[in-house]
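Colleague: I am new to this structure. Please take me through how to read a few of its features.

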Amino acid sequence: MLQVKGAVAHPQSQYVEMGIGDYAIIGDCRTAALVSHEGSIDWFCLPHFSGPSVFAAILDQERGGRFRIRPKGPFRSTRRYCGPTAVLQTTFETPTGSARLIDAMPVVQDSDALHPLREVLRIIEGIEGEVCFEVHWSPRPNYAQADALIRSRGALGWSCSWSDEIFFLRAEAPLNFSSQEGAVVGQIRIESGQRIRFSFCYAKADIAVVASLGREADERLQSTLSWWRSWSDQCVYAGPHRETVMRSAITLKLMTFVLSGAVLAAPTTSLPEWIGAERNWDYRFCWVRDAALTMSAFTGLGFRSEARAFLEWLLHATRLTWPELQVMYDVYGRTSLRERELGHLGGYRGSRPVRIGNGAYRQVQLDVYGGLLFAVRNYVEKGGDLQDDEARLLIGFAQTVCRQWRDPDSGIWEIRGRKRHYTFSKFMCWAALDSLIKLNDRGSLLVGAEALRRERDEIERVIETRGFNESLNSYVSELDGERLDASLLLMGCLGYKDPAHPRMRATFERIQERLGRNGLLYRYEEGNDHLPSREGAFGICSFWAIDNLARRGDVDAAKKAFKHILSFSNDVGLFAEEIDPETGEALGNFPQAFTHVGLINAAMALARGTDSDSHLS
Amino acid sequence: MSASTLPTISSMIIWGFLATLVMTIVMQGAQGLGLSRLSLPFLAGTFFTGNRRRAVVIGFMVYMLGGWLFAFLYFLFFTSLGVYTWWAGMATGLLHGLFLLVGAMPLLPYIHPRMASEYDGASTIKQLEPPGFMGLNYGYRTPLTTLAAQALYGAVLGGFPQLAATLQ
């Protein structure tokens, strides 16, 4: 059964198990929060995406902490975003009336006024009749490890402090401290037409700025709505499913760290790739291998300043490791992302361990060079400029590729254990050199192109002789291997081979046969990563397949497949990293930038395919 | 130089500047290291503007100037006592710091144009968190870091003539 969209009924209980897809995201491009169907903020990290959590109920219902505003008694809830913005609206229907909860993280525009370092603004509006809400605020800083002090601050509301951090909760309603729950709680009756505002403010290492409520809070909300609408207006995409593409673009923007331009893989950690299993990783970092597709999404949609900021981050963050690339960096470009397990947290529906940091940063992945250099090429081809010092950095990366492409690595999927000769990594090394040659040919930089051409052609020869299995009639995951890998579909998307080429067509068919399930694709065959548990189908791989279909002219099939995959998004258009093909349940970290990038690029390929079709007819 | 006469103007300017520098390093260092959220330059700057960037710059200048001017008062005090020693300076600094923490800080919500109060709440203009008694709202180590900074400030000013006398 696929995920139910629309209204969700909630029986009343202290802790309701939420599906991963039951969440929506709000944010201010510095950090983000996940809000559940029942109005509970169950995940929130401060001061930025990779900072420690203050609410982590999604990873431990009892210990994690939450900020919940929900009706008392049974209710049904429906959600939507307010147009092309990141402002969420949850409507609750109860036997006595209905009300809506508006959630936003205000975007600051007026530099002449003081603003909190971060703020979550929550407003309840009575729609009909009378609804009784219960409020529960239980901050648990530092992944619920801090010894925090919650106290009343008189007319300023409630504060929770630890170390050099302070959290304020202000409300237009009386709240009390419950020592039993270790939380600030309250019951609020709201009538039709009434508005009650809540502001959660945060400060670190500075004197706190406490946001005002009332009319000023409404103005902050209006200003935030206007900012998002004006940002969305820059989108030039006019193809099919525009609203869905816009939601993906906004989600991508929400995961773009505005202070550096870095794009996060996801704002969460340890949401499992299979319920109850150990495939739980921290994704609150920036993967260089995602750069090629992320840049294509930005430039294709017309978000030029995001594209420039992302390029600058890519080239700035990687200076510490230049001329080599690390697999991932944090939002500021820091290179040490030591992995730790948080044993005191129970994990999402018992999926342990909960990890912070990501040990994969130590891996060698040769595909990252292709990710970065293809992104630069895409940026320049879409009208961006490259400065001389930036060009010199790129040449250094190309030299590293020439030196290392013959070595084994850990591959795109970061499989732990021995290194292998992944065909995908060789192909991305080819893409790295090819991108630089094309930049040279168009005069964007000067490089010894002949040497690079020789090396690129040699990589191609290896891929075509050892990366293609004649008996299978398909490209394969490893050189001289027999297994398949969905990442090989990218060969058709990034210009290595025309998707209509017999080898690509055959590979497409083999991948569908072996990795396809209910219209979705697994990334590789079971057992390939030596982990004991299963996992879901990998969201972006299905979009790569659509991209291939559209590029080779099978537009109708691509449209059908696209529509089918969209049916797996949640009620507000969000995707996780993976999808359980049997139940449609979202799996893995959420929302996943890579999946939304895949959606955007597939939609753009579809739009181009549709245009070509209409020109032909 | 005898203990009953003021140091020369140029000496007072130099040592006043040095003492202010030491105090600023301790206070800002304590904030940077997460020991306290108190920022006196920010508090001073927000008297004049609500623009955070401008407030920090203006506040820093006001704070440095204030530290400098206060140095003259310290020198007058030492001269009137006829005692110029680092420990007398430190004791004066501690007394000054204690006054700031116990007297001046709780008074701030009533005189600072942008400070909220726990009685009246926050408004569009009044948004800064009040320091509370001894600045404890800004972290429980705030009194210690403030007293340490003030004590060092006084010790530098009181110790200067002592050092000068030793060198002569």
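Modeller: Start with the chains: 21 residues of chain A are in contact with 24 residues of chain B. Two residues are in contact if their C-beta atoms, placed from the backbone, lie within 7 Å. The side of chain A that touches chain B divides into 12 nonpolar, 4 polar and 5 charged residues. Nonpolar covers Ala, Val, Leu, Ile, Met, Phe, Trp, Tyr, Cys and Pro, charged covers Asp, Glu, Lys and Arg, and polar covers the others, Gly among them. This is a predicted model: local features need pLDDT of at least 70 and side-chain atom pairs pLDDT 80 or more, while totals for chains, interfaces and linings use all residues. Residues are numbered from 1 along each chain as its sequence is written, and chains are lettered from A and ligands numbered from 1 in the order in which they are written.

Colleague: Which peptide bond at A:P591 is cis?

Modeller: The bond from A:F590 to A:P591, with omega near -20 degrees. A:P591 sits in the loop between strand 27 (586–587) and helix 14 (593–616) of chain A. Helices (H or I, at least four residues) and strands (E, at least two) are DSSP runs, numbered from the N terminus. Another cis bond joins A:L46 and A:P47, with omega about 5 degrees.

Colleague: What is phi of A:N518?

Modeller: Near 50 degrees, a positive value in a residue other than glycine. A:N518 is in the loop between strand 23 (516–517) and strand 24 (520–521) of chain A.

Colleague: How many C-beta neighbours does A:N518 have inside 10 Å?

Modeller: A:N518 has 14, so it counts as partly exposed. Buried means 20 or more other C-beta atoms within 10 Å of a residue's own, exposed 12 or fewer, and partly exposed in between, with C-beta atoms placed from the backbone.
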